[in-house]
Amino acid sequence: MTVSKFKEALNSGKFVVTSELGPPKGTNLDQMMHHIELLKYRVDALNLTDHQSSVMRFPSLGGCLAVKERGGEAVLQMTCRDRNRLALQADLMFAHSRGINNVLCLTGDAVVVGDHKGAKGVFDLDSVQLLRLIRQMEAGKDMAGNDLDGAVSFCAGACCTPEASPIEPQLIKFEKKVEAGAEFFQTQAIYDLEKFAKFMEYARQFPVKILAGIVLLTSAGMAKFLNANIPGITVPQDLIDELANAGRGRGLAKGIEIAGRMIAALKKDSVCDGVHIMAIGKEEVVPEILAKAGL
Amino acid sequence: MKSITRQKPLEEVIQQVRSFDQIYILGCGTCATMTKTGGRDQVIKMKESLEGLDKTVTGWAVIPIACDEMTEVAMKENERPIRNAGCVLVMACALGVHRVSSYTRNPVIPALDTLFIGLEEKPGLFKEVCAQCGQCVIGETAGICPVTECNKGLLNGPCGGTNEGKCEVDKNKDCAWTLIYRKLKAQGRLNLMRKYQPPKNYQMVPRPKAARISIGEENRE
Ligand code: SF4
Ligand code: SF4
């Protein structure tokens, strides 16, 4: 059986770092390859998005293979938006056969927010059902209960939104995901460390690893945009002010500093088990963030 | 049950009846009257529109319940003008159109699009409440249908996109799962939300659907 290096890292007790890469829109993989080379030994796993925001792109699976081929550890993102239960199972078997040992189970954004608005959203399964399906396939059965000639094995995770409002329905779903077999969680972007610490108090009751989502801020405008448009993200005013006061052309540098500072604080107090860095198009600065975090 | 309908654009109706000079119009006194798509006033208006195009309307009627088998009786009463027409234009939901077509040899043409089955939430606002999925879960979701009301049809709780009780897809629309959560909580039945709901059996959905419902041996075919 293949082992997941990522799972070993999660279980080692060290502060785990993952980073997210968005595959390109098109077949020119140069930039993605460059980012993979840049980050593959700096982080514990590279996480490839699956048509993020419902925008059609090169597949997560293809990105994961590229990571694997280059000696890195990949996390396959899998949304329920585009594939029915047959396609999901096929992709899981393929991923497993090619040494991709980690999967993040997501519902997926709605089709209408993306760039193929007329597409049929599938949502045959939801994220909880997908997690269960993975555990069933690990036991050697497909979803219909037929025997598989060769099972799969994954370190499976899911997402959660610690700052959602109202929070209780999200927490109920979090628990359902734990019961369905989630081993780790990536959170939506967090900025309010106090609130996050509270969530962690709750999450610590469960035998799962929590990676705090770190979204790189690049300007005060971007922070305001996140507040207005992305559910479950609240950038506090003092951070917005800090970015605004950084001066012209200094927003990105300030954002890197803020991200580094937050990671260092989370690590220092062992608030959570690690972080998941989402630099959204600015992946080349991830090493700088890590340096600022003292990692 | 209420069938929610919308009148087809007049150009489309005209296009469909273009080869008929004589037309008989049937409306429906129930759902299509309520949605103001096939009641008396709309039938008369349709008649005038067609006459304005030099068509002859051989007669019209508003059948109490067009989808009912009583439709046959109503159509018998109007047999002559119906026979004199080249086609029957039906201003009822598709159920009415089907009923009517089984009682006449004439071509039957729908003047309405059937949208969904739903309820009138407030005057003029009709909301779909059921997609007829064949495996009703609303006993465990506080009477709110996640299949119909959640944009993603999720069965195990809200997606991460919900915000302040609104849906990620449409900020003017309530998130079905927040509604379900609030209602279950008020009922003291929040535990139902913790229950795992398995994937749906979409075998219940493919067309054509038909069900044989036991109504006693003597009535069986
Ligand atoms: S779950 Fe919803 S769509 Fe399915 S039968 Fe019940 S109300 Fe209708
Ligand atoms: S926000 Fe609520 S209603 Fe909208 S897709 Fe998500 S769970 Fe469904």
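Guide: Before we start, one term: helices (H or I, at least four residues) and strands (E, at least two) are DSSP runs, numbered from the N terminus. Also, this is a predicted model.

Visitor: Thanks! Which residues surround ligand 1?

Guide: Its neighbours all have names from chain B: B:Val129, B:Cys130, B:Ala131, B:Gln132, B:Cys133, B:Cys136, B:Val137, B:Ile138, B:Cys145, B:Val147 and B:Thr148. Two or more residues of that shell come from each of β7 and α7 of chain B.

Visitor: How many residues in the shell around ligand 1 are nonpolar, polar or charged?

Guide: The shell around ligand 1 has 9 nonpolar and 2 polar residues, and no charged ones.

Visitor: And is B:Cys130 buried, exposed or partly exposed?

Guide: B:Cys130 has a relative accessible area of 29%, so B:Cys130 is partly exposed.

Visitor: On to ligand 2. Where does ligand 2 sit?

Guide: Ligand 2 is found in the largest cavity. Around ligand 2 are residues including B:Cys150, B:Lys152, B:Cys159, B:Cys167, B:Glu168, B:Cys175 and B:Trp177. By class, its shell splits into 7 nonpolar, 2 polar and 2 charged residues.

Visitor: What volume does the largest cavity have?

Guide: The largest cavity has about 110 Å³. Counting those of 30 Å³ or more, there are 3 cavities.

Visitor: What lines the largest cavity?

Guide: There are 17 lining residues, and B:Cys150, B:Asn151, B:Cys159, B:Cys167 and B:Cys175 lie nearest the centre. The lining of the largest cavity is made of 9 nonpolar, 2 polar and 6 charged residues.

Visitor: What about pockets? How much space lies in the second largest pocket?

Guide: The second largest pocket holds about 710 Å³. Its lining counts 31 residues, with A:Lys120, A:Gly121, A:Val122, B:Lys152 and B:Tyr202 nearest the centre.

Visitor: Which elements supply at least two residues of that pocket's lining?

Guide: In chain B, β7 (125-130) and α7 (146-149) each do. Overall, the second largest pocket's lining comes to 16 nonpolar, 6 polar and 9 charged residues.

Visitor: I keep seeing cysteines. How many disulfides are there over all chains?

Guide: The search of the whole structure gives 0. A disulfide is a covalent bond between the sulfur atoms of two cysteines.

Visitor: Is A:Cys80 buried or exposed?

Guide: A:Cys80 counts as buried, because its relative accessibility is 0%.

Terms used. Residues are numbered from 1 along each chain as its sequence is written. Chains are lettered from A and ligands numbered from 1 in the order in which they are written. This is a predicted model: local features need pLDDT of at least 70, side-chain atom pairs count only at pLDDT 80 or more; totals for chains, interfaces and linings use all residues. Side-chain values use heavy atoms; hydrogens and water are left out. A residue is near a molecule or strand if one of its heavy atoms lies within 4 Å of it. On a 1 Å grid over the protein atoms alone, a cavity is a set of points where a 1.4 Å probe fits but cannot get out, and a pocket is an open set with protein on both sides within 12 Å along at least five of seven lines; lining residues have an atom within 4 Å of a point. A molecule sits in a cavity or pocket if more than half of its atoms lie within 2 Å of its grid points. Ala, Val, Leu, Ile, Met, Phe, Trp, Tyr, Cys and Pro count as nonpolar, Asp, Glu, Lys and Arg as charged, and the others, Gly among them, as polar. Grid points are joined across faces, edges and corners, and a volume is the space filled by probe spheres set on the points. A disulfide is a pair of cysteine sulfur atoms within 2.5 Å. Buried means under 20% relative accessible area, exposed over 50%, partly exposed in between (1.4 Å probe, protein chains only).
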